[in-house]
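Thanks for coming, everyone. Please look at the screen while I talk.

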Amino acid sequence: MNQLQVLLHTALIDSGHIEKCGLLIRDTSQIKTTSVGYKLEQADVDTLVNAFNQPTLLRKKGLYFNEVYYSCIRTDNESIYAKDNNRGLIVVKTNIYILFGTFNDRMNPAIAIEAMEKLGDYFKAKEQ
C-alpha cells in the first residue's frame, strides 16, 4: 500500500465507519488511490469530479455512482451527502482532492460523515 492508501485505511476503513473510499485529483480527474480492492470506472470518477458544478440539480436529481442511485440529502461547495436506503455516499472537496467514501447499513451515518469531514479537514490544513 502507498502512503495515502495507508492513511485512508487507518482513518476510515480500519475505524469501521467507512466501507470503501478513495481519493481523486480534482484538476485531472485521476484516481490517486482507493481502499484495497476498490475499482472505479471513469464514469464514476467523472460523476464525483463534476458533482460540485451544479449543486441545485444534484439535490433534485441525485447521482448515480458505482452502480447505485443515491438521492442527495446535502450538497454545498465542499461536501455532498447522499443515501440509498440505509447506505450512503459522502464526498468532500479539498484544494487538490476529492475524497469519497461509502457506508453500509451496519454503520452510523453521522459517524461516517464525521470521519470523512475530519480527514477532509486534514487535507485542507495541509493545503491539499
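One term before we start: a residue is buried when its relative accessible area is under 20%, exposed when over 50%, and partly exposed in between, using a 1.4 Å probe and protein chains only. Next, the ground rules. This is a predicted model, where local features need pLDDT of at least 70, side-chain atom pairs count only at pLDDT 80 or more, and totals for chains, interfaces and linings use all residues. Residues are numbered from 1 along each chain as its sequence is written, and side-chain values use heavy atoms, with hydrogens and water left out.

Let's begin with the whole protein. How many helices and strands are there in the protein? There are 4 helices and 7 strands. Both are DSSP runs, numbered from the N terminus: helices are H or I with at least four residues, strands are E with at least two. Along the sequence the pattern reads α-β-β-α-α-β-β-β-β-β-α. The radius of gyration is 13 Å, close to the 14 Å of the globule rule for 128 residues, so the protein is as compact as a globular protein of that length. That radius is taken over C-alpha atoms, and the rule is 2.2 Å times the number of residues to the power 0.38. The C-alpha trace spans about 35 × 35 × 25 Å along its principal axes. Of the 128 residues, 47% count as buried.

Now contacts. Contact means heavy atoms within 4.5 Å. Take contacts between residues at least 6 apart in sequence: 48% of them join residues at least 24 apart.

Two strands pair if DSSP finds at least two bridges between them.

Zoom in on strand 6. Strand 5 (residues 79-84) pairs with strand 6 in the antiparallel sense, over 6 bridges. Between these two strands the hairpin has 2 residues, and Asn 85 takes a positive phi near 55° there. On the other pairing, 6 bridges join strand 6 (residues 87-93) to strand 7 (residues 97-103), again antiparallel. That hairpin has 3 residues between its strands.

Look at Ile 90. Its bridge partner in strand 7 is Gly 101. Ile 90 is also the bridge partner of Tyr 81. Setting aside neighbours within four places in sequence, Ile 90 is in contact with several residues, including Ile 18, Leu 99, Ala 112 and Met 116. Val 91 stands opposite Phe 100 in strand 7.

What about the end of the story for strand 5? Asp 84 is found in strand 5. Is Asp 84 buried or exposed? Asp 84 is buried, with a relative accessible area of 18%. Beyond neighbours within four places in sequence, Asp 84 is in contact with Val 68, Tyr 69 and Tyr 70.

Next, the cores. A nonpolar core is a set of buried Ala, Val, Leu, Ile, Met, Phe, Trp, Tyr and Cys residues joined through side-chain atoms within 4.5 Å. The largest has 21 residues, and Leu 8, Leu 23, Ile 90 and Met 116 are among those with the most contacts inside it. Helix 1 (3-13), strand 1, strand 6, strand 7 and helix 4 (109-125) each supply at least two of its residues. Helix 4 gives the largest share, 6 residues. Another core lies apart from this one, with 20 residues, among them Leu 63, Ile 80, Val 91 and Phe 100.

Last topic: cysteines. A disulfide is a covalent bond between the sulfur atoms of two cysteines. Here the test is a pair of cysteine sulfur atoms within 2.5 Å. The whole structure has 0 disulfides. Cys 21 is buried, at 0% relative accessibility. Cys 72 is buried too, at 11%.
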